[in-house]
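The structure comes before the text.

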Amino acid sequence: MTARIAVEGLGLSFGGVAALSGVTMAVPPAEIRGIIGPNGAGKTTLLNAICGIVPPTEGRVLLDGQPITGLKPSAIAARGLRRTFQTSALFGGLTVLENVVTGLHTGLRAGLLDGILGSRRLRAEEAEGIEKAHRVLEFVGMAGFADRRASALSFGQQRLVEIARALVSEPSVVLLDEPAVGLSLNRLSDIDRLLRRIRDERGVTLLLIEHVIRLVMEVSDSITVLAAGTVIAEGRPEQVRQDPAVVTAYLGTAVHA
Amino acid sequence: MSARPETLLTRLMPRPIWVGLVAAALLAVLAPQANSYLLFVANQLCIYVILAVGLNLLVGYTGQLAFAHAALFGIGAYGTALLKVHFGLPFIVTLPAGALLATVVGLAISLPALRLTGLYLTLATLAFAQFTLWVFLHWEGVTFGAGGFRVPRPDWLLPGLSPDVGSFALALLLAIVMTLAAASLVRSNTGRAMIAVRDGEVAAEALGIDLLRTKATAFGLSAFYAGTAGGLQALMLGYVAPESFDLFHMALMKAMIVVGGMGSIVGSVIGAGAVLFLLEGLRAFKGAQEIAFGLLLMGAVIFFPRGVAGWLQALPGWAERYLRTAPPPAPEPDAVPEEAKP
């Protein structure tokens, strides 16, 4: 089976500093892949390289076997890859519903003239988009907030809307950058359940960066551990947890006098 | 902002589009009967509305702080007038040609400008504006230099109407059509893409919105509006001179959208009216105009950063929406299941 998303020998240097080097991983369809590592390990940089925001300097990324390296972020998004950001990235001037409908951009065919004239095609696409947006807002538990301005939501609510906006176009892969940031501990089980439902009900492959280790360990099918820009371990959560290299990366080595 | 319950006030409150159309109808009936000064002011108002709406599409909706609008206004005016003067083409040809010329120039400057953001974009477009002005001033063989030139005004426009009334009628018609077109556009996928680029470029791109294409669309559209307004200005005055397209006029246009409201079509119209009112009110005090505009701009930025539209948006039914279909009444947040709460 081809991997849904595969990263081959990915490297990214800023000047002489290698932020990522030789990162290789393959994630099968409908898997939750946790990506963990100490601060500065290159987790967010890896997501940026995959989705094209910061193009890698070496290696390539394959989506369903097709190379996507070097494409513009918008072209990669059009192939069914979405991401969310560490800090909330909703469009503050739009309502929740308008934000989520904007997530459908790549699938729309209405052009400039349709917009100026308010053509039938535009209206039909929009009506369908609103329908989809309401359904996905319900899916993430934000159905009652459709008409709120995005900037008026709490941080945790914004994260959920951002996930809805990423899901509305029915992508095959979603990259989640710390979705649990800003959520209280008693909501962790909610986000855990939501991530599983995204995988099971919608068949989406998730790459999950998360600092809340308990959440990653519980929800991930497998985990890739990064340290200083390279992969130091990969495997099922219980394997990774006991890997000496991982323990060293997180806790450091014992100092022997 | 949650959906408010439908009250009598909500239902009786006229929507912006009806207020605007009634105002336009009143203008259409009253202005031609007024004296020639008031007719001129009405004509200028229509042209300013087109300018402000076009500038707001680029600056207010797409977030591109460009300073080329007055120059593109000039290119529309010069293009329209010079084709008439040098080649004797009729206005029905030269007006669209001037607007298209401005659009092409606007798109051309957008290509390098799109790679720049923020202050750099401002500086690059400012440099372009100064260069354009220099061409108007010094390419004397074509543009007639600093003194400007007269443009013969058509009397064929609408048989039986004076050139003044005819050019006013055309300006009013175009102002209505172009304002409605912009109001429609911002409620489409194109408009939402523009707002998305303004509110977060990286997030917009990650959703599949092509930054360059969206910005180029905004630049081109905005230039088309400026060019059309320029052609109408030449038609109205029968005279074109470089000083009408200098930095002071750029500041006037910025003042229109800042005072009216950035990212608001209603605000653009109101801002155009407010600036024109102040400009004409202070016509006798030439030096005071610039001071008054400085104060107005600073006051607006400090005391009402969302412009007049910021207040109007609080009226029932006046908040600008970016979807056509009215959202179904949302249940009050309290009705949301407990698990959905943060």
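In this predicted model, B:Arg321 and A:Asp147 form a salt bridge between their side chains, at 3.6 Å from N to O; the term stands for a side-chain nitrogen of Lys or Arg within 4 Å of a carboxyl oxygen of Asp or Glu. Across the interface of chain B and chain A, three salt bridges are found by this rule. The model is predicted, so that local features need pLDDT of at least 70 and side-chain atom pairs count only at pLDDT 80 or more, while totals for chains, interfaces and linings use all residues. Residues are numbered from 1 along each chain as its sequence is written, chains are lettered from A and ligands numbered from 1 in the order in which they are written, and side-chain values use heavy atoms, with hydrogens and water left out.

**Interface**

Contact (heavy atoms within 4.5 Å) involves 44 residues of chain B and 48 residues of chain A. The area buried between the two chains is about 4,000 Å², with 61% given by carbon and sulfur atoms; buried area is the accessible area (1.4 Å probe) that two parts lose on being put together, summed over both.

**Salt bridges within chains**

Over all chains, the whole structure has 20 salt bridges.

| Pair | N to O distance | Relative accessible area |
|---|---|---|
| A:Glu234 and A:Arg33 | 3.5 Å | A:Glu234 42%, A:Arg33 3% |
| A:Asp114 and A:Arg121 | 3.3 Å | A:Asp114 13%, A:Arg121 36% |
| B:Arg283 and B:Glu280 | 2.8 Å | B:Arg283 45%, B:Glu280 12% |

B:Arg283 counts as partly exposed, whereas B:Glu280 counts as buried. Salt bridges with shared partners join A:Glu31, A:Arg33 and A:Glu234 into one network.

**Buried side chains**

B:Thr103 lies in helix H5 (residues 91-113) of chain B, where helices (H or I, at least four residues) and strands (E, at least two) are DSSP runs numbered from the N terminus. B:Thr103 is buried at 13% relative accessible area. Leaving out residues up to four places away in sequence, B:Thr103 touches B:Gly220, B:Ala223 and B:Phe224.

A:Cys51 is buried at 5%, and B:Cys46 is buried at 3%. The structure holds zero disulfides over all chains, a disulfide being a pair of cysteine sulfur atoms within 2.5 Å.

Methods
Buried < 20%, exposed > 50% of the residue type's maximum accessible area, 1.4 Å probe, protein only.
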